[in-house]
Amino acid sequence: LFYVLIILLVPLMAIAIVSKFRDGVVMIGGKGAIAVASGSMSEKHPDNAYLAGLDDQIPTYDMIVIERVSSPTDLKKYDTIAYKNDEGVNIIHRIVNIEYTADGTKFTTRGDSNNADDKYKPTIDDVIGRYTGKSIPFVGLFVMFLQSYSGIVTIAAVIYCLLMIEWV
């Protein structure tokens with residue numbers, strides 16, 4: 001049991017630490033996973049008529065799979081993207097408009113549960129990835145805990161306790 005717990009906890013701690021310092025996302029081979037921290041994509045707001053045929057809302061605390069995009073042409077209207085806003089916070093919202101300007105392409109985004117567009121308009125440099133439609137329910141809550149300092153300390157303490165029990 002000791003070795004099974006160590007084999008499970010050490011990689012979890014490594015992933016938690018790496019994702020903590022990589023903005024909450026670990027990308028491997030162009031794909032990654034990110035936890036949904038808010039309910040802004042969990043249901044359709046009645047004012048968002050464009051959502052009539054789109055049934056890919058994402059519940060809070062799900063872990064979603066994203067894929068890296070390298071060009072603005074890889075994204076289209078109504079794609080759901082994860083991006084970093086001007087305050088450095090990861091946001092998962094849907095593209096509702098694409099603006100082609102002299103400064104480059106800017107995306108207007110909105111959460112499905114919101115009735116107004118986001119103030120910040122990300123560029124392709126801000127985009128972390130595009131939602132693939134795959135998710136794991138409720139795993140995001142556990143991952144968000146592991147990414148917190150409390151979670152990292154908790155896992156380190158459990159590993160330490162297990163090692164001390166084995167040693168004694």
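This is a predicted model: local features need pLDDT of at least 70, side-chain atom pairs count only at pLDDT 80 or more; totals for chains, interfaces and linings use all residues.
A polar contact is a pair of N or O atoms within 3.5 Å; within protein, one atom must be able to donate a hydrogen and the other to accept it, and residues adjacent in sequence count only if both atoms are side-chain atoms. Residues are numbered from 1 along each chain as its sequence is written, and side-chain values use heavy atoms, with hydrogens and water left out.

**Overall architecture**

- The protein has 3 helices and 7 strands, where helices (H or I, at least four residues) and strands (E, at least two) are DSSP runs numbered from the N terminus.
- Along the sequence, these elements follow the pattern α-β-β-β-β-β-β-β-α-α.
- Taken along the principal axes, the box filled by the C-alpha atoms is roughly 65 × 35 × 25 Å.
- Of the 168 residues, 39% count as buried; buried means under 20% relative accessible area, exposed over 50%, and partly exposed in between (1.4 Å probe, protein chains only).
- Among contacts (heavy atoms within 4.5 Å) with a separation of 6 or more, 63% join residues 24 or more positions apart.

**Packing of α1 against α3**

- Helix α1 (residues 2-21) packs on helix α3 (residues 149-167) at an angle of about 155°, and their axes are 10 Å apart. Axes are lines fitted to C-alpha atoms, for helices over the stretch in contact, and angles run from 0 to 180 degrees between N-to-C directions.
- The angle makes α1 roughly antiparallel to α3; angles under 35 degrees count as roughly parallel, over 145 as roughly antiparallel, 65 to 115 as roughly perpendicular and the rest as oblique.
- The crossing of α1 and α3 is left-handed, that is, the near helix is turned anticlockwise from the far one by less than a right angle (clockwise would be right-handed).
- Residues of α1 in this contact include Phe2, Leu9 and Lys20, and those of α3 include Tyr149, Ile159 and Glu166.
- By class, the α1 and α3 contact comprises 18 nonpolar, no polar and 2 charged residues. Ala, Val, Leu, Ile, Met, Phe, Trp, Tyr, Cys and Pro count as nonpolar, Asp, Glu, Lys and Arg as charged, and the others, Gly among them, as polar.

**Packing of α2 against α3**

- The axes of helix α2 (residues 139-147) and α3 come within 4 Å and cross at roughly 85°, which means that α2 is roughly perpendicular to α3.
- Phe145, Leu146 and Gln147 of α2 meet Tyr149, Ser150, Gly151, Ile152, Thr154 and Ile155 of α3.
- This contact of α2 with α3 has 5 nonpolar, 4 polar and no charged residues.

**Residues in the loop between β2 and β3**

- Asn48 lies in this loop and is buried, with a relative accessible area of 3%.
- Beyond its neighbours within four places in sequence, Asn48 is in contact with Arg110, Gly111, Asp112, Asn114 and Asn115.
- Thr60 also belongs to the loop between β2 (31-35) and β3 (63-67), and counts as partly exposed at 22% relative accessibility.
- The side chain of Thr60 reaches the backbone oxygen of Ser38 at 3.2 Å.
- With neighbours within four places set aside, Thr60 is in contact with Val36, Ala37, Ser38, Gly39 and Ser42.

**A residue of strand β3**

- Ile66 is located in strand β3 and is buried, at 0% relative accessible area.
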